[in-house]
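User: Please take one part of this model and go through it closely. I would like the contact between two of the chains, and what lies beside it.

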Amino acid sequence: MQTRDIVLPGMYIEERKGRKLNNCYSEGEKVYSKVLGILKISEEEISVIPLAGKYIPKVGDRVVGVIDEVEVSGWWVDINSPYKAFLPIGEALEEFVDLKKVDLSRFYDIGDVIFCKISKVTKNKIVQVSMKDMIARKLFGGAIMKITPFKVPRVIGKGGSMIELIKSKTKTEIYVGQNGLIWVKGGKKEKAWECISTIEKEAHTSGLTEKISKMLEG
Amino acid sequence: MGKKTNIQLMVDGRRIDGRLPEQLREIEMKIGEIENADGSARVRFGNTEALVAVYGPRSLFPKFLQESDMAILRVVYSMAPFSVDERKNPAPDRRSIEISKVTKDALSGAVFLEEFPRTVIDVYEYIIQADGSTRVTAINAASLALASAGIPMKDLVAACSVGKIGDVLIVDLCGKEDNYSESDMAVAMMPSKGLITLLQMDGRLTKEEVLQLLKKAEENCKKIYEMQKKALLEKFKVVGED
Amino acid sequence: MKNFVEEALAQGKRIDGRDFLSFRKIEIVENVSKKAEGSALVKMGETKVIAGVKMDIGEPFKDSPNEGILIVNAEFSPISSPNIEPGPPDENAIELARIVDRVIRESHSIDLEKLFIEEGKVWTVYVDLTVLDMKGNLVDACVLSSLKALWNAKIPKIEDGKIVREEFSGKLPMVYKPVTVSICKYNNNFLIDPTDVEEELINAKLVVGVRDDDKICAIQKQGWGTFHISEIERCLDLAIEKSKELRRLI
């Protein structure tokens, strides 16, 4: 077994030798894959990058979310995951709010779209998000598209090359969430949509960058 | 199961459908035919065919059903009304309810449920045509559907049926053998670990015969396991870029 | 949090002082319902189950026109536990009934051919089980009470094609006395006759039905735990050995 091999649940990979495991499990020294995915072996870690599955929140991930419910002390946010995230007032607003007088929907209302950061995930997967992040913001207008979360890295490309290419050529504003939700606004929105859909469908093929460049020229 | 009959189940070393005692039927495995599902698979053993869809992990309501430290797995096994000789009432019967329950046990042991607290993973099994061994065929498909949904597991689960006609051990029972053989056994296991996750047997067997049948079942689960792996690898083969 | 039961099991002990391979005290009360053709109440430790046999004239199945019919039903009475609500049987009650059914049927314990009355008419034997106190090891208790009730059961008299209740023409044609022994796996140990509290800690159980001639008539694995083949061999040995203790009670 080597890096880039496809592995399946239960497939033996190699000896652990003290390394970290990601999407793998060990029995004694023996390491097996937990999921269907692509193997990545390094000196520090044996990791499997899943080829399918739901978005499961991790601290530090930046996600696109949609306000789902307004509560007394914060907001419930749909983050395209089995788990809803909570955005508490303290993580959303700088100013003091008198909760007796102010309805929180004044700041974020049901259906509003935000780009936020996963700030806390407990063992039982209680999830909190925060707006206290450099690039967190409320996203006005635009439209959301949904892709399978594990294809997000393809859409972003190496060092953001792919998404920057699409943005500049289509003159759009795009926010890509790790959770597979992508917000697009302005410019040739439909073209950007088309490119991202193509990347999702053909994420596993080679020559993708070339193909997208061509689509953007045409 | 063990009904009296005049039907000759074995003639000149051949079974009622012409197979040799230890011969599996023609097996077909297809992954991902249900677009809406998070994972799906169709598996056919001869004229027994199961379609399985997996949804989840997803949030579970009402809340009191949730387990705070793990996901729950639910299984519904059902048969198409037209899958059998005489139309089957589509409402769940006692047999289907029992099969759903033992299948849930057979799959739960293989899934890392602790990774998804408070959620549910739903496995829906639908038998399109039934000619014996439906529960094991469905388990083979369910295991493929779970893997293709990205659900973490210790191993794939492979399953098969074994039985006995006279003194002859047979594998992969067809409908008539299911009904009239003296003894039959359904086995599911995690083949690379040698761990049995489902075991149901009825008939009249000595302890030694039970163990012989189990070994046959293990051998054949391993064969089926290889086919499952092949089906998954083929579906998800990735051409490297750059 | 570990409770006392768990701590005891981890040390190879049980809080009621039994060793792993002992049954609780078993008591059987026969003919607890005078209206039934046969009945028995089994107390297995604190677990209480009741089985009753009723018989009726029925139509045979097409593929077995000369055989009587067996129908087994089980119910967890709301009497039996704070966790049971009144209503139709759930998956656990259904599984229980189907295991009991298979043990009785597959062991050929009843000579169903002797239940033929005349062309198109056979006896239907109903075995109805009710769990009265759910304190663990229900399958073994239910099989035991069913078999006891069946071995006690009498066939009603027929006059002019009708059943005369409370008059009997003979005993039910019983042949074998199958019983089940449910073997539970705890860590690498095996134990039998678990209490309800012990059952909560056990995730793999093998129900083994054994006939008088040591033939295995039914096996059902329960719970999400797993077994190696070698462990199953050990379970079968234990079940055969322990089945004799239960069979003596029928």
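Analyst: Between chain B and chain C about 3400 Å² is buried, and carbon and sulfur atoms give 54% of that area. Buried area here is the accessible area (1.4 Å probe) that two parts lose on being put together, summed over both. This is a predicted model, in which local features need pLDDT of at least 70 and side-chain atom pairs count only at pLDDT 80 or more, while totals for chains, interfaces and linings use all residues. Residues are numbered from 1 along each chain as its sequence is written, chains are lettered from A and ligands numbered from 1 in the order in which they are written, and side-chain values use heavy atoms, with hydrogens and water left out.

The contact (heavy atoms within 4.5 Å) involves 37 residues of chain B and 37 residues of chain C. On the chain B side, B:Arg94, B:Arg204 and B:Lys207 lose the most area to chain C, together 21% of what that side buries.

The rule finds eight salt bridges across this interface of chain B and chain C, a salt bridge being a side-chain nitrogen of Lys or Arg within 4 Å of a carboxyl oxygen of Asp or Glu. B:Arg204 makes one of these with C:Glu106, where the closest N and O atoms are 3.5 Å apart. There are also 20 residue pairs in polar contact between chain B and chain C (both at pLDDT 80 or more). A polar contact is a pair of N or O atoms within 3.5 Å; within protein, one must be able to donate a hydrogen and the other to accept it, and residues adjacent in sequence count only if both atoms are side-chain atoms.

H1, E11 and helix H4 (207–235) of chain B each supply at least two residues of the side that touches chain C. E11(B) gives the largest share of that side, 11 residues. Helices (H or I, at least four residues) and strands (E, at least two) are DSSP runs, numbered from the N terminus.

Helix H1 of chain B covers residues 94–108. Its 15 residues reach 21 Å from first C-alpha to last, close to the 21 Å expected at 1.5 Å a residue; the expected span is 1.5 Å times one less than the number of residues. Of the 15 residues in H1(B), 11 are buried, meaning under 20% relative accessible area (1.4 Å probe, protein chains only). Among them are B:Glu98, B:Lys101 and B:Asp105. The cover over the buried residues of H1(B) includes strand E11 (195–205) of chain B, and also helix H2 (91–106) and strand E12 (216–222) of chain C.

How values were computed: Buried < 20%, exposed > 50% of the residue type's maximum accessible area, 1.4 Å probe, protein only.
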